[in-house]
Amino acid sequence: MSWYYIEGILIQCGYVLMVVLGLSLLTGFAGLFSFGHAGFMAIGAYVSAICTTKFGLSFLPALLLGGVVAGVVGAGLGKLTLNLKGDYFCIATLGFGEAVRLILENWEYVGGARGISGIPWETNLKSVIIACAIGTLALMALVRSRHGRSIIAIREDELAAEMSGINTFRYKMIALIISAVYAGIGGGLLAHYMTYIQPKMFQMVKSTEYTIIVIFGGLGSVTGSIIGTFILTFLPEMLRSLDNWRLVIYGLAVIVIMVIRPRGLMGGVELGDIFRLPARRRAAKLAEERIKNMNGESAGEEAQR
Amino acid sequence: MKSEGMEVLKLEHVTKQFGGLTAVDDVTFNIREGEIFGLIGPNGAGKTTIFNLINGVYALSAGKILFYGKTIGEGAEERKKVLKLKPFQIADMGISRTFQNIRLFRNLSVYDNVLIACHRSANYGLFESLLRLKGTRFARQEKVLRHKADDLLDLMRLVFYRDVISNNLPYGLQRKLEIARALALEPKLLLLDEPAAGMNPEETGSLMEMIRSIRDQFHLTVLIIEHHMDLIMGVCDRIHVLNFGKSLAEGTPAQVQSSPAVIEAYLGVQDGALYAVNEGEQ
């Protein structure tokens, strides 16, 4: 295996990771499932590609602009749909993703179904690593602040969160906008790596793939999302020699993990926590043992009644 | 502290209709500062509906609710459009609550449950949380939040269970944690929805003590819904009795207990309600 090949997969991991990080905030922390993130990715990809090919903007501002436009569209979508409860939001995002793709397919200015080609090749390992490092650190910092905790509270119990004085609509909006920006930047990186983009690249299958990665890695764990991205991006490549069977094995791998670890690989725990907090874990274990003993007693009491 | 004092919460002719069903019908009462006020009534009397009207989950059909003299909800009959603050705005003004069917952040630790609710004591912005350096507003406020959460756990005697996932706590402690979380908001008025449900007499006794002591310590006013008559009669300064959405009686525990209307509602032939209430009384 040549380094050139591995580098290609790593870059692929990079732009997928950007989308997955954003989706991790929305799905893993805010508890909102989205099947339309390929739509945000498409917006970021098209905006940045148009900026570099048609307006001669350089790579970095084009990339950021792609993220901003995706974020603005995310805000609009949120305004319309975030009042929907549970699964309805999920359906709305599904519709959104498909709508974006169909609009692009029928819009001649952006090349219709042919898409845009001749995009400058700007995305390399370095730019991907920088983007992912910033993205990861920012997300980690966010979820460990009062804002992040408010977002987590929404996932746990929206009504209780609202009653605790948390503006749930605002925080869902923040989560959606940030995740759209991440997806937009991921799309921009993709466009400037592939050097061409087509609406076909942003089908619903892609959205589902990202959601699978987030769930595979474990909801509510940034490190889980990162590990999930690497495994599920490398796996199909490693299995290329198996031809059509590789997707079967990919599917099996996902199922096996979900059976063995129903809460995903990391199950809501960050990699760092495992090493950092042994004292806390010991305290928790001690307390849980006492609860178990208490339960035993009260069960006895109930039997007596 | 008991009888005089300003009005904390005032319900004026509060009415709530769900379609054709009138769940709360023309209910009026005042709660004064520092009081522990009980709201009782047979099942389906509209007690929890009143809670939901107070903290803005439902909009009023008619009537008015005032909190420290400020209107927080007004029904459609008084004005063209229903006035309804969002629940989080009402919580922000200083009304916090617990739930009849416990609603904790179940997959989070005891500590995190309280820490989340402490958010009002900090006001650093979204971008400030990205730069985690020593001495920034973020770092200073985050430290305050963590201290506060620890203090509250200490107060509610939950420190030992600090790192347990809240879902794994026994029932009584979950109720306590809900109260701790509600206190983290620094409320002026605390609404307790059946705090003693599922507790044994011993636990109920210590809960009564706790309600009194947190009232004094936090200078709170407390509104309790409860079926445990021991608790209600023992801890409340005044009680308001509801039956089928209507006000039945109001007064001190002694007055309420001797009121003929209340006795009739609880012991008279009121289908269905009888069993539930009797169970609660024992």
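A: A nonpolar core is a set of buried Ala, Val, Leu, Ile, Met, Phe, Trp, Tyr and Cys residues joined through C-beta atoms within 7 Å. The model to which this criterion is applied here is a predicted one.

Q: What makes up the largest nonpolar core, and which members touch the most others?
A: The largest nonpolar core holds 164 residues. Those touching the most other members are Met18(A), Tyr46(A), Ala175(A), Val114(B) and Ala180(B). Helix 8 of chain A, residues 168–194, gives the most to this core, with 14 residues.

Q: Which residues does Ala180(B) touch?
A: Leaving aside residues up to four places away in sequence, Ala180(B) touches Val114(B), Leu152(B), Leu153(B), Met156(B) and Leu158(B).

Q: Why is Phe202(A) called buried?
A: A residue counts as buried if 20 or more other C-beta atoms lie within 10 Å of its own. Phe202(A) has 29 other C-beta atoms within 10 Å, and is therefore buried. Phe202(A) is placed in the loop between strand 2 (196–197) and helix 9 (204–217) of chain A. Not counting residues up to four places away in sequence, its contacts are Ala38(A), Gly39(A), Met41(A), Ala42(A) and Arg101(A).

Q: What makes the phi of His13(B) and that of Glu194(B) worth noting?
A: Most residues other than glycine have a negative phi. Phi of His13(B) is near 45°, a positive value in a residue other than glycine. Phi of Glu194(B) is near 50°, likewise positive in a residue other than glycine.

Q: Is Glu194(B) buried or exposed, and where does it lie?
A: Glu194(B) has 21 other C-beta atoms within 10 Å, and is therefore buried. Its place is in the loop between strand 8 and helix 6 of chain B.

Q: What makes the sheet of chain B open, and which strands stand at its edges?
A: The sheet has 6 strands in the order 7-8-9-3-10-11, with mixed pairing. Strand 7 (95–97) and strand 11 (246–251) of chain B stand at the edges; each has a single partner strand, so one side of each is left without a neighbour in the sheet. From one strand to the next, the twist averages 20°.

Q: Which helix packs on this sheet?
A: Helix 1 of chain B, residues 47–54, packs on the sheet. Helix 1 touches strand 3 (36–40), strand 7, strand 8, strand 9 and strand 10 (238–243) of chain B, and its direction makes about 150° with that of strand 8 of chain B.

Q: Why is strand 9 of chain B called largely enclosed?
A: Of its 5 residues, 5 are buried, so strand 9 is largely enclosed by the rest of the structure. Thr221(B), Leu223(B) and Ile225(B) are buried on one side, and Val222(B) and Ile224(B) on the other, which leaves both faces covered.

Q: What are the domains of chain B, and how far apart are their centres?
A: The domain assignment gives domain 1 (1–94 + 187–282) and domain 2 (103–186) of chain B. Their centres, taken over C-alpha atoms, are separated by 28 Å. The contact takes 9 residues from domain 1 and 8 residues from domain 2.

Q: How many residues does each chain give to the contact between chain A and chain B?
A: Chain B gives 33 residues and chain A gives 30 residues. Helix 2 of chain B gives the most to the side of chain B that touches chain A, with 4 residues. That side divides into 18 nonpolar, 6 polar and 9 charged residues.

Notes:
Residues numbered from 1 in each chain as written. Chains lettered and ligands numbered in written order. Predicted model: local features only at pLDDT ≥ 70, side-chain atom pairs only at ≥ 80, totals over all residues. Buried ≥ 20, exposed ≤ 12 C-beta atoms within 10 Å, placed from the backbone. Helix = DSSP H or I, 4+ residues; strand = E, 2+ residues; numbered from the N terminus. Contact = placed C-beta atoms within 7 Å. Pairing = 2+ DSSP bridges. Axes fitted to C-alpha atoms, helices over the stretch in contact; angles between N-to-C directions. Domains from an automatic or database assignment. Nonpolar A, V, L, I, M, F, W, Y, C, P; charged D, E, K, R; others polar.
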